[in-house]
Amino acid sequence: MAALSQPQQASYDAIVIGAGIQGSFAAYHLAQRHQDTLLLEQFVLPHSRGSSHGQSRITRSAYPQAHYARMMPDSFLLWQRLEAEAGTSLYRRTGLVVLGPAGDPELEGCRRGAGPGDTLDAAALARRFPGLRPRAGDVALWDGSGGVLRAERALRAVQEVFRRHGGTLRDGEKVLSIQPGAVLTVTTTGGVYRAPRLIVAAGAWTSALLAPLGLRLPLQPLRIDVCYWREKEPGSYSAGTATPCFMALGLPEAPHGVYGLPALEYPGLVKVSGARWWGHRVFPPRLTPLSGRPQVCYHHGSPVDPEDRDRAPPGAPHPNVALLSSFISSYLPGLEPQPAVLETCMYTNTPDGDFILDRHPKHSNIVIGAGFSGHGFKLAPVIAPT
C-alpha cells in the first residue's frame, strides 16, 4: 500500500515509526485500546530490507533466561488471539530439540524453562528426530511447544487487524525529522503528522532517527548469513513430515549456536543458520544523552550500514558458511554439506544483547524499542503492550 503522492497533514493520538513486527504489534495494541494511531514505514510493503521478512521463525518455551521462559505462555496466547482475529494459521507446532554437551549452563537453563520430563535419551531422540546424529556426551532436550511461526503471514495479519481496528498504515514514507514537544511533529517524505505520543521501533535505522534528539544508542546492525540446505533424500526433513525444529548450544563445532527448522521457504530445503544466544534483560538501564565515544558491539555477523545491506560486493567472504557446513556433515548427514541457497538478513544488537525498551530521557512521550533481533519476533505480542 504505497503512500499517496500529495502531502498529508493530520493529527493522531499516537504515531509509531517502523512497521516491522515490533512496531506493527505496538500499533495493533494501541488501536485495540481505541487510540487513533498512525503506523509509518519508510519502504513500500512488503519488503526485505529489515529484520521481519522471510517465511519462518522458530518459537519455543525452552530458554536459558528465566524471564523469557515466563513471558512465553502469554506470547503463545497472544499469537493464538491474533490467529483468531485474522482467521488464518500463523503457527505450526513441530516440537523443538535442544542439543548440547552435558552440564552446559545454557542447556541447563533450557531444561528449567522447558519443564519436567524433557530429556531425550538416544532411542527417544532417534524417534523424534531420526536425521540428527548427536555425539557421545551430548544431551538432547525436548520442548513440545516449539514450532514455526509463519513470519511474513504473521506480519501481514497484525497489520491487517490493526487497520480493521481503525489504524492508519502509510508505507513508502521515510521520516525526515522528529520535532519534540507536548505535541510531537513527525515530518516524512509524504506529509506532516502530529501526536502527543511517539513510539520509535525502526530497527537498524533507530539510531539515525534519534541522534538529532541528542540520543546515541549502542546499536550495531549486522549482515547475517541464512543458509538453506538440500535434503539428500527428498522429504526427509521437510515441513510435511514430523521433523522438529532444533537448536544446538555450546558445541565445539558451533561456538555461537546453530538453529534449524523444516523447510517452508523452499521445498526440499532446510533452513540452518548460526546465531549468538545472548542474555537479555526485559528492562535495561535508563538511556543516556548523546555524549562521549560511540560504542561498538559484536554479533555473529558482519557490521553493515542498513542502507547498504544488499550491496555486498561479488565474492564477499562468508566465514560462517564453512562452520555450518562442518556442523551439517557431523550432525545432519542427511543434508548436502554445501548450502543450496544463501540469503542474508539483518540483526540489530546492543553490546550485551539486552534489547532497549524505554522512554527518551528528555522527552518522556517518546518510547523507544530497539535491538530485538534474534529473539524479538516470537516475543513481539507480549513486548509491545509493555
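User: In this predicted model, how many bridges join strand S11 to strand S12?

Analyst: In this predicted model, strand S11 covers residues 175-179 and strand S12 covers residues 184-188, and the two run antiparallel. The number of bridges that join S11 to S12 is four.

User: Which residue takes a positive phi in the hairpin of S11 and S12?

Analyst: The hairpin of S11 and S12 has four residues between its strands. Within this hairpin, a positive phi near 155° is taken by Gly-181.

User: Are helices H1 and H5 roughly parallel or roughly antiparallel to each other?

Analyst: Helix H1, residues 21-32, packs with H5 at an angle of about 25°, and their axes lie 9 Å apart. Angles under 35 degrees count as roughly parallel, and the crossing of H1 and H5 is left-handed. The two helices, H1 and H5, are therefore roughly parallel.

User: Does Ser-325 count as buried or exposed?

Analyst: Ser-325 is found in helix H7, residues 319-331, and, leaving aside neighbours within four places in sequence, is in contact with Trp-229, Pro-337, Gln-338 and Pro-339. Buried means under 20% relative accessible area. Because its relative accessibility is 8%, Ser-325 counts as buried.

Definitions and conventions:
Residues are numbered from 1 along each chain as its sequence is written. This is a predicted model: local features need pLDDT of at least 70, side-chain atom pairs count only at pLDDT 80 or more; totals for chains, interfaces and linings use all residues. Side-chain values use heavy atoms; hydrogens and water are left out. Two strands pair if DSSP finds at least two bridges between them. Buried means under 20% relative accessible area, exposed over 50%, partly exposed in between (1.4 Å probe, protein chains only). Contact means heavy atoms within 4.5 Å. Axes are lines fitted to C-alpha atoms, for helices over the stretch in contact, and angles run from 0 to 180 degrees between N-to-C directions. Angles under 35 degrees count as roughly parallel, over 145 as roughly antiparallel, 65 to 115 as roughly perpendicular and the rest as oblique. A crossing is left-handed if the near helix is turned anticlockwise from the far one by less than a right angle, and right-handed if clockwise.
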